[in-house]
There are 2 protein chains.
Amino acid sequence: MSRIAVIGSGAWGTAIAASLAQRGGHSITLWSHTPAIAEAIQAAGENTVYLPGYLLPASIAATSDLAAAVEGAEIIVGVMPSSHVRTVYRQMMPYLQPGQLLISATKGIEDGSSRRMSEVIGEVLAAHTLKLQYAVLSGPSFAQEVVAGSPTALTIASADLAVAAHIQREFASPTLRLYTNDDVVGVEMGGALKNVIALATGVIAGLELGQNSAAALITRGIAEVTRLAVACGGRRETMAGLAGLGDLVLTCTGSLSRNRRVGVELGRGRALPEILAGMGGKVAEGVGTTGAALRLARQKGVEMPITEQVDAILHGGKRPLDAARDLMGRPGKEEF
Amino acid sequence: MSRIAVIGSGAWGTAIAASLAQRGGHSITLWSHTPAIAEAIQAAGENTVYLPGYLLPASIAATSDLAAAVEGAEIIVGVMPSSHVRTVYRQMMPYLQPGQLLISATKGIEDGSSRRMSEVIGEVLAAHTLKLQYAVLSGPSFAQEVVAGSPTALTIASADLAVAAHIQREFASPTLRLYTNDDVVGVEMGGALKNVIALATGVIAGLELGQNSAAALITRGIAEVTRLAVACGGRRETMAGLAGLGDLVLTCTGSLSRNRRVGVELGRGRALPEILAGMGGKVAEGVGTTGAALRLARQKGVEMPITEQVDAILHGGKRPLDAARDLMGRPGKEEF
């Protein structure tokens, strides 16, 4: 019986908490930044803002008290938006203790610093001279399906495979299967960068350029994100696995992808601020990750033509059709 | 101005002929096995059986006279079902001449012999001591989108890259882009094997196991077909390209995939003969390719767990839910 704290009550955090509670064997606390959400989960068993329509297990203890959530938890799963990770971990610092295990389930790169989530967390821990073991959870997983009990396969990565294997045992259930990996960089890069390609695929769909084009774009997309991940120290085979290709395919083709939907709206000609304003506080991580990825790519000397065009649409005022034309009209006659 | 003969008036053959005719610069003949189809295309500009609803360019000369189609053509594009390739090429032999260029656009492995299409063609040519240059055309391409002029990227492969580059120039248009490759084996294996994984993905959808499961299956699927392709002499990077990953993703997630649809019906509990009988003569290549691929895999000592389960459903009477359970319940705790 472990106490597990899930920090962040977005769709994915809520689904992780629900899956662990359904599994049984643990005591699950779900921390929400917003007291009203914690109260609604506690009172009605529903996250009406981020995961409406799903009855959550009554055994989840929802709270907006960070100290209460974190203190004494054996495992702490961070699922906040990437832009809040640094702040929330700083707030958690007074309550953390040696021996606790941190899992990052946030999929993004910090805008500004271009740091991966585990790097951000590592910096905050180092500033407090605290050393904790950590792991990264990623893979193809629409939250709605996980909470509904659809079979889902994820990757759990830690530099120490024994840590990953421990989490595998603690989290696994008949519907949730975890595969261990020791490539933290690859798993984090896969989870973050797929959102950029999902934005691009959405643009193609919004422009009604067809599924043939989208498939070609996805093919180039996985090649491009693999180049950057490998340049940053990730492994090629990780990018061909669940946390790379698997999550990219789901996010680029699935009906529940927020980042893809933002791309669709961009492709239809709507402006980014208007699209984001209409999302009711839900975050499309790809928007921030695009710029961060591009800065990393330039540092590492990696070509990322799709990411460049997405950035030009998001931040350079480029018309989506012009971006699509520039992308598809690229020179290069041999495939490799 | 070349004369190009397209042999086979299924959806893909018809779309290739239409794309080349729209492009201009060539004289295009489309051969149909069925006189009524050739007559309908000639009279009404529509292939009412295999590609209904699309007005075909009037410049296409449709015929059911194989000699008239083949004699004097500089380029002959074969797009017949894999089960007819050997027979049709034998019928073509009397009319073929040195200097003609053959392109195979059929996506399948010959059932029984487990031969790739270019191997089958090579055997027929050798039996007639005729030596012709050949290439293979593949990649993510729903016929309906190609005929509608949606942008499409394909791979054209020949052991002689100059041959591939020649076809690239002759076929390329503002909406059809060809990339050259010299890995004929990889391109043929990619085009054939993706249909097996599409059947499996369809089964998962028919069983309503969700998009997370499908994404995990696609990830394992590309790994498994890559193993077989590489064991047969194909290249890993080809399988990560348009003719491998690109076509697999399209066929496994797209709305127009026949093989996926057969899988969906299997997953819903319908029997294979009943499903095939309802397809109005349209071929789902994956059905024949599954057994052929499995025999190849056993010869080469390659593990293909998904292909095995698809074969057990198709030919072993296994219940789809049991196959899905056996697939997802496989041992193996590390991802690689």
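In the predicted model, the two copies meet through the same surface, because 100% of the interface residues of chain A are also interface residues in chain B. The contact is made by 49 residues from chain A and 49 residues from chain B. Between them, chain A and chain B bury about 3800 Å², of which 52% lies on carbon and sulfur atoms. Polar contacts across this interface amount to 18 residue pairs, counted where both residues have pLDDT of 80 or more.

On the side of chain A that touches chain B, the elements giving two or more residues are helix H6 (143-147), strand S7 (152-157), helix H7 (161-171), strand S8 (176-181), helix H9 (210-231), helix H10 (236-239) and helix H11 (242-253) of chain A. The largest share of this side comes from H9(A), with 10 residues.

Chain A is superposed on chain B by a rotation of 180 degrees with 0.0 Å of shift along the axis, at an RMSD of 0.0 Å. The two copies are thus related as by a two-fold rotation axis. Among the residues of chain A, Thr253(A) comes closest to the rotation axis, its C-alpha lying at 3.4 Å.

Within chain B, 8 strands form an open sheet with mixed pairing, in the order S3-S2-S1-S4-S5-S6-S7-S8. Strand S3 (61-63) and strand S8 (176-181) of chain B stand at the edges; each has a single partner strand, so one side of each is left without a neighbour in the sheet. Neighbouring strands of the sheet are turned against each other by 25 degrees on average, with direction ignored.

Strand S4 (residues 75-78) and strand S5 (residues 101-104) of chain B run parallel and are joined by 4 bridges. In this pairing, Gly78(B) has Ser104(B) of S5(B) as its bridge partner. Helix H2 (residues 35-44) of chain B packs on the sheet, where it touches strand S2 (26-31) and S3 of chain B. The direction of H2(B) makes about 155 degrees with that of S3(B).

Helix H7 (residues 161-171) of chain B lies across strand S1 (2-7), S2, S4, S5, strand S6 (133-138), strand S7 (152-157) and S8 of chain B. The helix runs at about 175 degrees to S8(B), the edge strand at residues 176-181.

How values were computed:
Residues are numbered from 1 along each chain as its sequence is written. Chains are lettered from A and ligands numbered from 1 in the order in which they are written. This is a predicted model: local features need pLDDT of at least 70, side-chain atom pairs count only at pLDDT 80 or more; totals for chains, interfaces and linings use all residues. Side-chain values use heavy atoms; hydrogens and water are left out. Two strands pair if DSSP finds at least two bridges between them. Axes are lines fitted to C-alpha atoms, for helices over the stretch in contact, and angles run from 0 to 180 degrees between N-to-C directions. Contact means heavy atoms within 4.5 Å. Copies are superposed by least squares on the C-alpha atoms of residues with pLDDT of at least 70 in both. Buried area is the accessible area (1.4 Å probe) that two parts lose on being put together, summed over both. A polar contact is a pair of N or O atoms within 3.5 Å; within protein, one must be able to donate a hydrogen and the other to accept it, and residues adjacent in sequence count only if both atoms are side-chain atoms.
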